[in-house]
Amino acid sequence: MLVSAYLRYAIQVEKMGLNLQIGNSRQVIRCPNTGGWYDKFEETEIYINLPKGQSVLCVTPGTNGGPILDKFELFKEVTD
């Protein structure tokens, strides 16, 4: 099942992101510099392919750290 996720984040440095793990599958979410840590937020949308049944999503900082994550919201299945 393909779902969309909305993220709102802030970050002042380059080359940082988030790891999104679903079961044994890991996806890296790139988070470009927004120009500030606490007052300059950006929004992005990503698509996630979830297996059938229940899934546990784990969001963690990337290897160099991660942004301030203000919001992570999942939406229903994406349809054409």
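Start with the open sheet built from three strands, ordered S3-S2-S5 and paired antiparallel. S3 (25–30) and S5 (57–61) sit at the edges with a single partner strand each, so one side of each has no neighbour in the sheet. On average, neighbouring strands here are turned by 25 degrees against each other, direction ignored. Keep in mind that this is a predicted model.

Zooming in on one pairing, strand S2 (residues 17–22) is joined to S3 by six bridges, and the two run antiparallel. If you want a pair to click on, Leu-18 has Ile-29 in S3 as its bridge partner.

Now for the other sheet. Here the order is S4-S1-S6, again an open arrangement of three strands with antiparallel pairing. S4 and S6 (68–77) are the edge strands, each pairing on one side only. Neighbouring strands in this sheet are turned by 20 degrees against each other on average, direction ignored. Eight bridges tie S1 to S4, and these strands run antiparallel. Within that pairing, Leu-2 stands opposite Asn-49 in S4. As a general point, strands of a sheet pair through backbone hydrogen bonds, either parallel or antiparallel.

Next, the nonpolar side chains. The largest nonpolar core counts 14 residues, and the ones with the most contacts inside it are Leu-7, Leu-20, Ile-29, Ile-46 and Ile-48. At least two core residues come from each of S1 (2–10), S2 and S4 (42–49). S1 gives the most, with four residues. In soluble globular proteins, nonpolar side chains tend to be buried together.

Leu-7 is a handy place to look around. Setting aside neighbours within four places in sequence, Leu-7 touches Leu-18, Ile-29, Glu-42, Glu-43, Thr-44, Ile-46, Leu-69, Lys-71 and Phe-72.

Ser-4 lies in strand S1 and counts as buried, at 7% relative accessibility. The Ser-4 side chain makes a polar contact with the side chain of Glu-45, at 3.5 Å.

| Residue | Relative accessibility | Class |
|---|---|---|
| Ser-4 | 7% | buried |
| Cys-31 | 4% | buried |
| Cys-58 | 38% | partly exposed |

Buried means under 20% relative accessible area, so Cys-31 at 4% qualifies, while Cys-58 at 38% counts as partly exposed.

What does Cys-31 contact, leaving aside neighbours within four places in sequence? Tyr-9, Ile-11, Met-16, Gly-17, Leu-18 and Pro-67. Finally, Cys-31 and Glu-14 are 17 residues apart along the chain, and their C-alpha atoms are separated by 8.1 Å.

Conventions
Residues are numbered from 1 along each chain as its sequence is written. This is a predicted model: local features need pLDDT of at least 70, side-chain atom pairs count only at pLDDT 80 or more; totals for chains, interfaces and linings use all residues. Side-chain values use heavy atoms; hydrogens and water are left out. Two strands pair if DSSP finds at least two bridges between them. Axes are lines fitted to C-alpha atoms, for helices over the stretch in contact, and angles run from 0 to 180 degrees between N-to-C directions. A nonpolar core is a set of buried Ala, Val, Leu, Ile, Met, Phe, Trp, Tyr and Cys residues joined through side-chain atoms within 4.5 Å. Buried means under 20% relative accessible area, exposed over 50%, partly exposed in between (1.4 Å probe, protein chains only). Contact means heavy atoms within 4.5 Å. A polar contact is a pair of N or O atoms within 3.5 Å; within protein, one must be able to donate a hydrogen and the other to accept it, and residues adjacent in sequence count only if both atoms are side-chain atoms.
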